Amino acid sequence: MYRKIILTLISVLAFVSMGCSQNKISITIDGRSMSATLADNVATKALIEKLSSGPITISMSNYGGFEKVGALPWSLPSADTQINTKPGDIMLYSSDNIVIFYGQNYWAYTPLGVLETSNPSEISNFVGNGNKQVTIALDNSAEVETLTINADTKERVFSLSGTEVTTRPLSPGLYIVNNRKVIIK
């Protein structure tokens, strides 16, 4: 019995920490969006904090035939190291410029993240040619959702420990519904 309680508490703590952590951003160019997984460093923590106030839109332009670069509205802490970049890499340059690579380069950057695809032609098509307005936002697709579930719902509902919950109406708490983390208030 205690083992089950401890496992449930561990599941709840892991669930809450997953809902609070942010490891993805969404980048939108010409109405098309792509997610990027963030690196784990002080620059991305500062970026997340800045983006928690809302998305930003910056002007980005092609540079050197291998990257799209644009000035951020603020500086981020940097820890530049010499890096071989590849298509899909997102880097911080000079503390206040964001760079999205569609080619390769070797220079000193602070890693910010990587686009969800590593296909060079897909990345090149996504970033496009010339100057672009690029919107960067937190990707909230992995966060906890608030849902209202009716007493007569046909959806399968599971507790965090994986046990199916069949009683209705559901009590307030954390659940898994359709492979989504949800909170019932």
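**Entry 1: salt bridges**

I start with a term: a salt bridge is a side-chain nitrogen of Lys or Arg within 4 Å of a carboxyl oxygen of Asp or Glu. I looked for such pairs and found that the structure holds four salt bridges. The model is predicted, so I note the limits: local features need pLDDT of at least 70, side-chain atom pairs count only at pLDDT 80 or more, and totals for chains, interfaces and linings use all residues. Residues are numbered from 1 along each chain as its sequence is written, and side-chain values use heavy atoms, with hydrogens and water left out.

Side chains of opposite charge can pair when their charged atoms come close.

- D40 and K45 join through their side chains, at 2.5 Å from N to O.
- K86 and D89 form a salt bridge at 3.1 Å, N to O.
- R156 pairs with E164 at 3.2 Å, N to O.

Next I asked how open these residues are. Here buried means under 20% relative accessible area, exposed means over 50%, and partly exposed lies in between (1.4 Å probe, protein chains only). D40 is exposed, at 69%. D89 is buried, with 7% relative accessibility. K86 is partly exposed, at 44%. E164 is also partly exposed, at 35%.

**Entry 2: the whole chain**

I find three helices and 14 strands. Helices (H or I, at least four residues) and strands (E, at least two) are DSSP runs, numbered from the N terminus. The chain has 185 residues, and 39% of them count as buried. It exposes about 10600 Å², of which carbon and sulfur atoms supply 54%. Accessible areas come from the Shrake-Rupley method with a 1.4 Å probe; for residues, only the protein chains shown count as cover.

I also checked contacts, meaning heavy atoms within 4.5 Å. Among contacts with a separation of 6 or more, 58% come from residues 24 or more positions apart.

**Entry 3: helix 3**

Which residues of helix 3 are buried? I find I123, F126 and V127, in a helix that runs over residues 120-127. They cover an arc of only 90° around the axis, so they sit on the same side of helix 3. The arc is that of the directions from the helix axis to the C-beta atoms. I recall the general rule: an α-helix has 3.6 residues a turn, so residues three or four places apart point the same way.

The buried residues of helix 3 pack against several strands, including strand 1 (24-29), strand 8 (106-115) and strand 9 (132-138). Just after the helix, G128 takes a positive phi of about 70°.

**Entry 4: V134**

I moved to strand 9, where V134 is found. V134 is buried, with a relative accessible area of 0%. What does V134 contact, leaving aside its neighbours within four places in sequence? I list I27, T28, I29, I56, T57, I58 and M60. V134 and T28 are 106 residues apart along the chain, yet their C-alpha atoms are separated by 5.7 Å.

**Entry 5: the largest pocket**

I looked up the largest pocket. It holds about 150 Å³ of space. The search uses a 1 Å grid over the protein atoms alone, and a pocket is an open set of points where a 1.4 Å probe fits, with protein on both sides within 12 Å along at least five of seven lines. Lining residues have an atom within 4 Å of a point. Grid points are joined across faces, edges and corners, and the volume is the space filled by probe spheres set on the points.

The lining is Y63, F66, E67, V69, Y93, V99, N105, W107 and Y109. Strand 4 and strand 8 are the elements that give two or more residues to it.

I followed Y63, which lies in strand 3 (residues 56-63). Beyond its neighbours within four places in sequence, Y63 is in contact with V69 and Y102. Y63 and F101 are 38 residues apart in sequence and 9.8 Å apart in space, C-alpha to C-alpha.

S94 has a positive phi of about 60° although it is not a glycine. S94 is partly exposed, at 43% relative accessibility. S95 also has a positive phi, near 70°. S94 sits in the loop between strand 6 (89-93) and strand 7, and S95 lies in the loop between strand 6 and strand 7.

Where is P169? I place it in the loop between strand 12 (164-165) and strand 13 (173-177). The peptide bond from R168 to P169 is cis, with omega near -5°.
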